Amino acid sequence: MAPQSRKYPMLRRSRAMWGSRRVWQPRLVFWAGAVSIGVISVLFAVLADKAQALFHMMIGDGGDRRFYLPLVVTPLGFVLCAWFAHAFFPGAQGSGIPQAIAARHLRDDDDRSHLLSLRLAAGKIALTVIGLFCGASIGREGPTVQVGASLMLQAARWGGMAQARGLILAGSAAGIAAAFNTPLAGIVFAIEEMGRTYEARTNGLVLTAVILAGLASLGLLGNYTYFGVSKETIAFAADWPLVLGCGVIGGGFGALFSLLALKITRRIRRWHTQQPLARALLVAAVCGLGVAVIGIASGGLTFGTGYAQARGAVEGTPLPWFFFLEKFLAGLLSMVSGIPGGIFAPSLAVGAGIGSSLGLLFGASAGAAALLGMAGYFAGVVQAPMTAFVIILEMTGNHDNVIALMLASMLGYGTARMISHEPLYHALSRVFIAEAIRRRRAETVPEPGQG
């Protein structure tokens with residue numbers, strides 16, 4: 001009897017295809033890239049936590065003169081980060097999410113490499129950690145998106161894969177999933193925030209990247225919820241005024257943050273044109289001094305990501321009523337300073353502060369109010385309501401409050417749209433796209449006398 005492969009030539013071709021290096025190499029490189037995102041995200045988180053701990057150890061608890069060290073350390077740290085970002089890692093400034101969005105819209109690989117590369121990923125991690133060591137009110141989650149997108153784009157180059165836009169999307173989703181241990185939020189973030197023109201054919205890439213990065217993270221840290229497990233349940237009969245208040249007021253403050261951040265960064269950018277480096281360092285120093293003053297005035301509560309304060313509020317410990325205003329200002333100054341660092345964690349801390357204050361006003365549970373405040377404010381800042389409520393659900397491990405969090409997120413989003421029509425990350429991404437276009441035009445314009 002003839003061999004089975006002779007009877008079924010399609011089977012023979014299939015075996016040859018699956019045994020081909022040309023087929024397996026891109027897959028292996030892609031899988032390795034996704035796993036590396038999970039591993040590096042965990043290492044980034046550990047370094048960020050140690051940097052914050054060292055900063056608080058350095059300044060003490062307010063009982064001696066060390067508590068005033070931030071007046072020197074924080075401005076100098078901001079200047080150092082701004083200088084490194086300007087001189088050695090241009091494109092690493094700010095959150096990192098706008099860079100990933102911009103790279104998806106660029107068609108040329110050289111243009112993308114100015115925003116996403118292994119060199120930029122290393123610089124982003126190092127400078128974010130330095131910023132946290134100096135007391136900056138920044139987070140690591142936005143930078144993890146740029147790092148994840150950079151790793152996946154490099155994997156595309158090594159593996160000879162042509163789907164650059166889909167791979168950037170997959171790397172960004174994997175970064176969010178690994179940073180928060182929130183796989184669903186990573187997928188929703190990819191669809192809602194990163195890919196406003198989402199393509200169904202990228203489903204497999206995004207899901208595979210999120211799963212592999214998540215497995216790597218779970219292997220190193222185990223299964224955990226970012227803010228612990230919340231057991232608070234929101235009762236609509238008694239808490240509906242709180243839901244409305246957190247959604248509308250939180251969304252209003254979120255839109256205000258977005259509006260101020262865009263207006264201030266645009267003015268600073270225009271002011272930088274004459275002396276870019278000197279003025280960038282001056283802005284960083286002034287912003288760093290402002291962050292230090294606010295931090296000292298708040299008793300040290302506003303330094304760093306705000307994770308401890310947000311987690312305490314979620315677990316039922318009310319925050320001082322003025323905390324959200326101080327953290328709002330510290331986060332705004334850190335963002336417009338031009339140093340690398342994200343706004344995810346600080347935004348959640350501001351939202352928890354708003355919710356905590358409204359909870360005291362309405363006589364409601366501090367934990368439930370903090371959850372609603374985070375949903376309303378975060379949706380207002382990024383104008384991505386699905387990401388807001390999904391990420392908070394996964395970070396607290398409580399699915400009893402789905403409808404309340406959805407409502408607070410939608411109210412926050414609706415309020416923000418009436419105040420600020422430009423989603424923050426997408427407005428900032430256009431700056432990087434414009435820079436790429438200017439750079440491309442400058443390269444194609446011939447020198448005088450050359451034609």
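A residue is termed partly exposed when its relative accessible area lies between the limit for buried, under 20%, and that for exposed, over 50%. In the predicted model considered here, Arg266 has a relative accessibility of 31% and therefore counts as partly exposed. Glu422, with a relative accessible area of 27%, is likewise partly exposed.

The side chains of Arg266 and Glu422 form a salt bridge, in which the closest N and O atoms are 3.0 Å apart. Arg266 belongs to helix α12 (residues 236-272), whereas Glu422 is situated in the loop between α19 (402-419) and α20 (424-444); the pair therefore ties together parts that are 156 residues apart in sequence.

Arg430 has a relative accessibility of 44% and is accordingly classed as partly exposed. Through these contacts, Arg266, Glu422 and Arg430 are linked in a network of salt bridges.

A further salt bridge is formed between the side chains of Arg311 and Glu315, with an N to O distance of 3.0 Å. Arg311 falls in the partly exposed class, its relative accessibility being 27%. Under the criterion of a Lys or Arg side-chain nitrogen within 4 Å of a carboxyl oxygen of Asp or Glu, the count for the model comes to three salt bridges.

Methods:
Residues are numbered from 1 along each chain as its sequence is written. This is a predicted model: local features need pLDDT of at least 70, side-chain atom pairs count only at pLDDT 80 or more; totals for chains, interfaces and linings use all residues. Side-chain values use heavy atoms; hydrogens and water are left out. Helices (H or I, at least four residues) and strands (E, at least two) are DSSP runs, numbered from the N terminus. Buried means under 20% relative accessible area, exposed over 50%, partly exposed in between (1.4 Å probe, protein chains only).
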